[in-house]
Amino acid sequence: MPTTPILNSRKPSSKTWLNRVFTLSYTVAVSVHLLSHCRTLIHSRTLISVALFVADFVFAFFWLTSQCFHWNPIERQVFPETLKRVVMESEYPSIDVVICTADPTKEPPVGVVNTALSVLAYEYPTEKLSVYVSDDGGSEMTLYAFMECAKFAKHWIPYCKKHGVMDRAPEVYFGNHPLPAWDPETHEIKSRYENMKSRVEAVVQSGGVCLDRVTEPEFGDIFSQWTPGFTRRHHPTILLNNNADKDVAGGVMPNLVYVSREKNIEKHHNFKAGALNVMLRVSGLLTNGSIVLILDCDMYSNDPETPLRALCYFMDQTADPKLGFIQFPQRFSSINKNDIYASEFKPETQILSLGMDGLLGASFMGTGAFFKRHVLSHDSPCGVTNAGSIQNNSKPLKGEDVLVSAHEVAGCKYEDYTRWGSEIGFRYGTITEDTYTSFRLHCEGWKSVLCHPKRAAFLGGSPSNLNDSLNQIKRWYMGFLEIFFNKYCPLIYGVQSMNPLQALCYTHYTLRSFWSIPIIIYAFLPQITLINSVPIFTKVSDHGFYLHMFLFLGAYGKDFLDFVVFAGSPALRWWNHQRMWMMWGLSSYPFALLEWSLKSLGLSTFGFNVTSKVADEDQSTVYEQGVFEFGVESVLFFPISVASLINLMSFVKGVMSVVTNNGTLDGFFVQMFISGFVVLNSWPIYEAMVLRNDRGKMPINITLASTTTAMAICFFFSLVFRV
Ligand SMILES: O=c1ccn([C@@H]2O[C@H](COP(=O)(O)OP(=O)(O)O[C@H]3O[C@H](CO)[C@@H](O)[C@H](O)[C@H]3O)[C@@H](O)[C@H]2O)c(=O)[nH]1
Ligand SMILES: [Mn+2]
């Protein structure tokens with residue numbers, strides 16, 4: 001009897017038992033610790049003991065919920081070689097790729113072009129591949145870049161296939177490979193690329209498209225739609241289908257389509273989720289690929305065989321029919337050596353996600369995910385009613401009728417009175433549509449898979465300065481609060497509708513901004529009391545001290561093991577990550593809570609502030625050197641600066657009293673230790689305040705304001721503790 005060929009496998013991670021033993025023993029320690037807090041509260045309740053209890057209680061909550069990620073981590077493998085052997089290419093499903101962009105100034109069109117080229121050149125039957133660019137910025141510059149992309153692709157696709165190129169984003173390819181002097185073909189394609197790039201950049205620089213640049217008759221007319229009343233928030237649908245049939249080597253070209261959905265200033269457009277839903281409908285009409293790959297414009301493909309890896313699940317006869325999507329973890333290309341801003345998101349993308357994968361599946365990360373189309377549009381009006389099987393679709397439906405319908409489904413009134421965004425497609429109501437959509441899909445019983453090949457499937461950009469990075473985190477956690485305080489709350493609705501451990505994972509993420517409470521308490525309370533010589537923790541000579549020590553070393557030590565030993569990151573990256581966690585706790589998290597509260601009270605609004613993907617040369621140099629970039633007067637730096645100064649004062653005060661009291665610090669050791677630890681972490685901040693003179697130094701106004709505030713706090717509390 002023939003055995004079914006194995007296309008993928010899963011096994012428990014080697015650390016599963018270590019995780020479980022650790023979870024159980026640490027739970028005992030946390031419980032004992034919380035009990036002793038309760039005892040203190042009963043016998044001598046003071047403001048300080050209440051604050052410490054609250055802090056430890058919140059920490060315990062996050063620790064406990066985070067254990068759900070560690071309970072059942074798994075590792076997976078796929079076998080694309082087997083796939084190639086046992087499945088004929090003609091059986092491959094067709095794939096529609098959607099690339100989102102929203103702002104030509106923050107997301108340079110050349111970057112969009114590179115991402116598009118990297119997927120157009122996938123090792124995949126070209127007649128089954130379609131690439132859609134969704135331009136939420138409604139920018140003629142992006143459209144112009146798209147046209148240049150279409151022309152260059154005719155050369156680039158056959159070149160990549162002929163030479164087995166791995167880096168199929170040309171910018172990366174030409175950046176990584178010295179040109180072989182003997183190869184005229186490579187020289188030619190490179191100069192073609194450079195010319196194209198400079199034409200696109202010239203258009204971007206001049207701020208508009210000069211029509212005599214567009215010589216092709218099939219493209220010429222479309223720019224007339226940019227009438228004087230056209231703005232990015234208010235304009236008609238623009239759709240351009242590049243009808244190129246053949247590349248220069250005579251191969252079939254993949255479809256390439258540009259869509260900028262209709263916008264109306266009076267109509268909420270639901271940010272990226274709104275754009276993606278339009279793309280689901282438009283692509284449903286034009287090509288109707290049964291697999292949809294979602295990408296951000298800065299996430300280029302780093303491995304041309306990625307679709308085959310996804311097929312190792314989709315084409316697996318034995319796979320769970322409820323499998324909805326396959327997520328490739330977000331990975332990043334331009335992170336500096338020690339990842340000073342912790343932009344790698346290692347825990348979320350590559351550690352915790354393995355744990356969710358062992359439950360119901362990783363959550364959608366906004367980019368790098370292959371969806372079965374029908375999961376997102378099961379009863380869409382576009383005639384996409386295939387009930388679960390992977391279908392094959394041939395080259396596009398063309399003709400005027402289809403284009404008229406496509407304009408209709410991209411219109412901003414189309415979704416009125418439909419279930420798009422509430423029950424169908426990407427879900428609305430939050431600016432972190434990715435987490436929310438996968439949460440809802442998991443509630444509905446869909447499953448997902450994390451595919452984590454050694455060579456990253458996609459590589460993206462990340463903020464290269466501190467302010468952008470803190471703002472990005474703030475935006476996510478505001479979105480998370482919108483998810484939690486919602487009809488479909490992960491802790492209430494989620495726990496009832498899916499594996500409760502998985503629901504607690506979502507709970508953990510969506511509530512994380514409350515981590516700011518204990519972080520702020522621990523950043524100020526032990527320090528202010530130390531300055532005023534008030535001991536608040538157990539003495540080193542007490543038994544309780546060992547419990548404190550175990551709790552601290554256990555949490556940090558386990559984190560270190562996961563990050564460095566099991567996930568293989570350099571130790572310095574781990575150190576920088578824990579530093580950023582404290583910084584988030586003092587800035588992004590509390591501001592997320594604040595802004596979300598203001599919005600809930602109707603006092604303010606917030607939108608999707610697109611992360612900038614450009615950095616000028618100076619900024620990039622500073623970043624590459626691994627030096628913190630403050631530079632701008634950001635309110636997010638203020639609490640961080642105040643905390644770092646208070647910690648410095650308290651540490652100095654502590655050292656001085658140890659010296660004057662003949663070297664005893666018994667009663668103050670824990671407070672000294674915490675201040676010292678924060679001081680060590682704050683070194684780049686002190687440097688930015690007093691030692692640096694470059695443009696990345698702390699703005700003088702922030703330094704002055706935070707110094708004054710820190711002194712005022714000290715003065716105020718010295719009065720409080722005197723009475
Ligand atoms: O109204 C909008 C806003 C954004 N985008 C696009 O959404 C993508 C993500 O935006 P970006 O500013 O780069 O977000 P990140 O901070 O990198 O966001 C992460 O988190 C987002 C959810 O908050 C996810 O959508 C992203 O995939 C994920 O990378 C970009 O391609 C944008 O062009 C739109 O299409 N329309
Ligand atoms: Mn991004």
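**Strand 4**

I looked up strand 4, residues 129-135, in this predicted model. I find 7 of its 7 residues buried, so I log the strand as mostly covered, with buried meaning 20 or more other C-beta atoms within 10 Å.

Next I checked the two faces. Leu129, Val131, Val133 and Asp135 lie on one side and are buried. Ser130, Tyr132 and Ser134 lie on the other, and they are buried too. I note both faces as covered.

**Neighbours of strand 4**

Which strands pair with strand 4? I find strand 3, residues 95-101, joined to strand 4 by 7 bridges. The two run parallel. Val97 stands opposite Val131 of strand 4.

Helix 4, residues 109-120, forms a β-α-β unit with strand 3 and strand 4. I record the unit as right-handed.

**Helix 25**

I moved on to helix 25, residues 683-691. Which of its residues are buried? I list Ile685, Ala688 and Met689. As a reminder to myself, an α-helix has 3.6 residues a turn, so residues three or four places apart point the same way.

On the other side of helix 25 I find Trp683, Val690 and Leu691 exposed.

Last, I asked what the buried residues of helix 25 pack against. I find helix 23 (637-660) and helix 26 (700-722).

Notes
Residues are numbered from 1 along each chain as its sequence is written. Chains are lettered from A and ligands numbered from 1 in the order in which they are written. This is a predicted model: local features need pLDDT of at least 70, side-chain atom pairs count only at pLDDT 80 or more; totals for chains, interfaces and linings use all residues. A residue is buried if 20 or more other C-beta atoms lie within 10 Å of its own, exposed if 12 or fewer, and partly exposed in between; C-beta atoms are placed from the backbone. Helices (H or I, at least four residues) and strands (E, at least two) are DSSP runs, numbered from the N terminus. Two strands pair if DSSP finds at least two bridges between them. A crossover is right-handed if, with the strands pointing away from the viewer, the path from the first strand over the helix to the second runs clockwise. Two residues are in contact if their C-beta atoms, placed from the backbone, lie within 7 Å.
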